[in-house]
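Subject: Handing over the structure

Hello,

Here is the structure I promised to pass on to you. Have a look at it first, and then read on for what turned up.

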Amino acid sequence: MKIGVIGLGNMAKAILSGMLAKGIVTKEDVIGSAATQATIDKVREQYGIAVTLDNREVAKGADVLLLAVKPQFMADVIGQIRDDVTEDMLVITIAAGKTINWYEEVFGKRIRLVRCMPNTPAMVGEGCTAVCRNDRVTQEDMDYAMTLMNSFGRASEIREGLMDAFSAVSGSSPAYVFMFIEAMADAGVAAGLPRKQAYEFAAQAVFGSAKMVLETGRHPGELKDMVCSPAGTTIEAVRVLEEKGLRGAVMDAVGACVEKAKKL
């Protein structure tokens, strides 16, 4: 299976790291392109794949084509490769905000298209990716796409109409979590912890807590209750968070993100 990757930014490199590390594909079966010589030289050195500045060269020989360019450049790139994309090729895109209908209109023909939206933790192998497809994608195609997306985290198929909700809950949410970690660390510094340790303690607590939700299958409320001893320190902190409206603030923020996404 020959894989072509157009665009070699951080997210594309996260995917390359995952699929090569998991042995899904060998470096000899991958070719990538980017806009600058410096980028392709760096990727060649890091991953050992074939690289080029010519997007058409990538598209011509690919069985699976991964489009990983920024949304504002996508139409230009498709214009370059349109004639080289055949009905036998599986096209996977990770560009935000571009719908399946948009791709089909810009390509000017029906293609086998899988639309994916990974989040930034993909760069450390812990991404969360939403995946949807058009009606030309076979189950075999989809299984392969899911294998690629699962190589750098967790992937789930959803219907395209839920992409905005996914973006708010998972795509944008690392920013909310970073703010929470920063706030906890600031409080730790105020209580006397060294700054470096405060960030480490707060980040590891979030990481471990998230892992408990995913691996135990228990409801987050149940896990919260396990930490809250009667008349203890944790329940007092929870009382203050409730008093300050943490849940409502988070829900309002996610809702605002969904509404903004719909208008883009």
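Glu259 is partly exposed, with a relative accessible area of 41%, and Lys262 is exposed at 52%.

Before going further, some background. This is a predicted model, in which local features need pLDDT of at least 70 and side-chain atom pairs count only at pLDDT 80 or more, while totals for chains, interfaces and linings use all residues. Residues are numbered from 1 along each chain as its sequence is written, and side-chain values use heavy atoms, with hydrogens and water left out.

A few terms will come up again. Helices (H or I, at least four residues) and strands (E, at least two) are DSSP runs, numbered from the N terminus. Buried means under 20% relative accessible area, exposed means over 50%, and partly exposed is in between (1.4 Å probe, protein chains only). A salt bridge is a side-chain nitrogen of Lys or Arg within 4 Å of a carboxyl oxygen of Asp or Glu.

The overall picture

The chain has 12 helices and eight strands. Its C-alpha trace spans about 70 × 40 × 30 Å along the principal axes. Of its 264 residues, 39% count as buried. The accessible surface (Shrake-Rupley method, 1.4 Å probe; for residues, only the protein chains shown count as cover) is about 14,800 Å², and 56% of that belongs to carbon and sulfur atoms. Taking contacts (heavy atoms within 4.5 Å) with a separation of 6 or more, 61% are between residues 24 or more positions apart.

The sheet

Eight strands form an open sheet with mixed pairing, in the order β3-β2-β1-β4-β5-β6-β7-β8; two strands pair if DSSP finds at least two bridges between them. At the edges stand β3 (50-52) and β8 (153-157), each with a single partner strand, so one side of each has no neighbour in the sheet. From one strand to the next, the twist averages 20°. (Axes are lines fitted to C-alpha atoms, for helices over the stretch in contact, and angles run from 0 to 180 degrees between N-to-C directions.)

Strands β4 (residues 64-67) and β5 (residues 90-93) pair in the parallel sense over four bridges, and Leu67 has Thr93 in β5 as its bridge partner. The pairing of β5 with β6 is also in the parallel sense over four bridges, with Leu90 partnered by Arg112 in β6.

β6 is mostly covered, with seven of its seven residues buried. Arg112, Val114, Cys116 and Pro118 are on one side, and Leu113, Arg115 and Met117 on the other.

What lies around it

Helix α6 (residues 139-150) lies across β1 (3-6), β4, β5, β6 (112-118), β7 (127-133) and β8, and runs at about 150° to β8. In helix α7 (residues 163-171), the residues Met163, Phe166, Ser167, Ala168 and Ser170 are buried. Their cover includes β6, β7, α8 (173-190) and α12.

Salt bridges

Side chains of opposite charge can pair when their charged atoms come close. The structure holds 15 salt bridges.

Asp84 forms one with Arg56, the closest N and O atoms being 2.6 Å apart. Asp84 lies in the loop between α4 (71-81) and β5, and Arg56 in helix α3 (residues 55-60), so the pair ties together parts that are 28 residues apart in sequence. Asp84 counts as buried at 11% relative accessibility, whereas Arg56 is partly exposed at 36%.

Arg112 forms another with Asp141, at 2.5 Å between the closest N and O atoms. This pair links strand β6 to helix α6, with the two residues 29 apart in the chain. Arg112 and Asp141 are both buried.

On the surface

Met212, Met226 and Val227 make a nonpolar surface patch of about 290 Å². Patches are made of residues with over 30% relative accessible area and no salt bridge; like charges are joined within 9 Å, and nonpolar side chains (Val, Leu, Ile, Met, Phe, Trp, Tyr) within 5 Å. Met212 is found in helix α9 (residues 195-216) and is partly exposed, with a relative accessible area of 40%.

Enjoy exploring it!

Best wishes
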